[in-house]
Amino acid sequence: MADATATLDLADRTREADQPHSLVVCFPANKPLRLDAGVDFSPLQIAYQTYGKLNAARTNAVLVCHALTGDQHVFNAHPVTGKPGWWETMVGPGMPIDTERYFVICPNVVGGCMGSSGPASTNAATGMPWGLDFPVITVRDMVRAQAMLLDHLGIDSLFAVAGGSMGAMQVLQWAASYPERVFAALPIAGATRHSAQNIAFNEVGRQAVMADPEWHGGRYFAKGTNPRRGLAVARMSAHITYLSDAALHRKFGRRFQDRDNPTFSFDADFQVESYLRHQGITFVERFDANSYLYLTRAMDYFDLAGDYDGVVANGFRNTPTRFCVVSFTSDWLFPTVESRAIVHALNAAAARVSFAEITTDKGHDAFLLDEPELFAITRGFLDGAAKARGL
Amino acid sequence: MLSRLKHDLTMAEAARGPSGSRVDLLVVADMVERGARVLDVGCGDGELLRLLETRGVDGRGIELSREGVNECVAKGLAVVQGDADADLANYPNDAFDFVILSQTLQATRQPRVVLEHMLRIGSHGIVSFPNFGHWKIRLQLFFGGHMPRTDNLPYAWWETPNIHFCSIKDFRELSNAVGARMEQAVALNAWGSRMRLKMPWWFWNLFGEQAVFLLSRRG
């Protein structure tokens, strides 16, 4: 497995960041992205995928926002890994987010590494990847960039914005920043702010990357190296937080991997170890280490209340958007209490909101998996909203 | 728990009108003005919200049971998983025209607080409940010497979700205590039809099996 990933050289990686297998829009210097960090960033590139057809009235667009390690490849084979799209359970013809009814757009977030401007993109001034010279970005910056994309596509108002985890943060930011542009919002397994525990987990991941000698202060492209081990460890520790104790026990228990007895060594004796190592190794094949630093930072900085005098509800006053908030019982990364806080804020703003907690042992990752109740709820919510919008 | 109660009411072959809707829900729905903003507290599987939707009402719901909520949301209704006792406090003043407690009040821990929130959140409140002063119930307690069980109240005392029973007379007392104005009162008899005759309160309290009250904030 390690050999296969090693064959992907750095040039290939920057190729996907600069010339992705996606639709691309470039905003020149006279249309910069104004960042929360106080910088006007340009030129800005946004890579995106679309599925389905935009109707004549331009009212059926659904924006899908991806999570930390996701990308724009929602419903097509991944150009690097060849694996199926990350939300094929949810998006597609006849699926809850039905591409026969809706025009689905998924952009790679700013700061990502799959074609939207990020630390792995080439800085035209130096001819080298930006690395840590890339400005620090926030969830609000991601959403601003997406709004620029929609302007470019001539879509004034979205029928819906949907996403899980960091995607849910973007959904909430959309509804707060551009209420008149969002008819329906579906934040799944999200929160109005990143918790101290989650910032702590992210910091462990970043430290793992930065502790890898191949990271070279973020200048690994110039050095011809890649902090694979650090990024793999970051992924392994993060992956644990996406699951649950019950799911790990169900899938692996204390079972040994391809052996009947312990080896009395530090090999991956246990199936769960082998699984995590595999997760780490396959992740570094498709993801940029610096990008991981930037995106986890963006999540850490997310705090809607901070933008609205400490009161989340102020961000949603008189909102015309209808919301459907979903959480999962075994999610301990974005537990139900966080979703309930979203709901309380929306109630306080007298918004139209549905909230369902789904019983599952699959943890945070449940939003990506086969959860029939999630599909039924999404379908019902979107059907009701479509009726109200006359779609 | 609330949805379990609703479920049993439905199972108990509650009387249905010509449209197939439960009569107690029709009585409630008739009190709601067209186009009003409504919060249904303890909305169960969403039957009342759906009925209201057909009448052009902007309805929202709160329901305790996850199954009830997920069923409602899958039907496209705006329902949140929550608890009348805990979650009404999050709603702002005057957010709704009508707040409805349909067969819910007797299952709350603090009926008075819930009723006060109801009149704070909505300019009107509609409350329907099983009348514990009904003669059948009185007879069971008097002659049987045990906690009453009826089609509408099928639970044994140790497993009932209904922890705060009241009679029509009791409810009037609470309404006065929280300063509510009684706009309308309807009692349903054992067959689920409206008792239309103008009767004194003691008569309703004895023969009304269910009661529906429309309240408003005084002053």
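Chain A has 13 helices and 14 strands in what is a predicted model. Its radius of gyration is 20 Å, close to the 21 Å that the globule rule gives for 391 residues, so chain A is as compact as a globular protein of that length. Along the principal axes, the C-alpha trace of chain A spans about 65 × 50 × 40 Å. Buried residues make up 52% of the 391 residues in chain A, and among the contacts in this chain between residues at least 6 apart in sequence, 72% join residues at least 24 apart.

Chain B comes to 9 helices and 7 strands. For its 219 residues a compact globule would have a radius of gyration near 17 Å, and the 16 Å of chain B agrees with that. The C-alpha atoms of chain B fill a box of roughly 45 × 40 × 35 Å along the principal axes. In this chain 47% of the 219 residues count as buried, while residues 24 or more positions apart account for 67% of the contacts with a separation of 6 or more.

| Chain | Residues | Buried share |
|---|---|---|
| Chain A | 391 residues | 52% buried |
| Chain B | 219 residues | 47% buried |

**A covered helix in chain A**

Helix 7 of chain A, residues 228-242, has 15 residues and reaches 21 Å from its first C-alpha to its last, close to the 21 Å expected at 1.5 Å a residue. This helix is mostly covered, with 11 of its 15 residues buried. The buried residues of helix 7 of chain A include the run A:G230, A:L231, A:A232, A:V233, A:A234, A:R235 and A:M236, and also A:R228, A:A238, A:T241 and A:Y242. An α-helix has 3.6 residues a turn, so residues three or four places apart point the same way. What the buried residues of helix 7 of chain A pack against is helix 5 (196-211), helix 9 (271-284) and helix 10 (289-301), which belong to chain A as well.

**Where the chains meet**

Between the two chains, 16 residues of chain B are in contact with 21 residues of chain A. On the side of chain B that touches chain A, the elements that give two or more residues are helix 4 (66-74) and strand 3 (78-81) of chain B. Helix 4 of chain B gives the most to this side, with 5 residues. By residue type, the side of chain B that touches chain A divides into 9 nonpolar, 4 polar and 3 charged residues.

Note on methods. Residues numbered from 1 in each chain as written. Chains lettered and ligands numbered in written order. Predicted model: local features only at pLDDT ≥ 70, side-chain atom pairs only at ≥ 80, totals over all residues. Helix = DSSP H or I, 4+ residues; strand = E, 2+ residues; numbered from the N terminus. Rg over C-alpha atoms; globule rule 2.2 N^0.38 Å. Buried ≥ 20, exposed ≤ 12 C-beta atoms within 10 Å, placed from the backbone. Contact = placed C-beta atoms within 7 Å. Expected span 1.5 Å × (residues − 1). Nonpolar A, V, L, I, M, F, W, Y, C, P; charged D, E, K, R; others polar.
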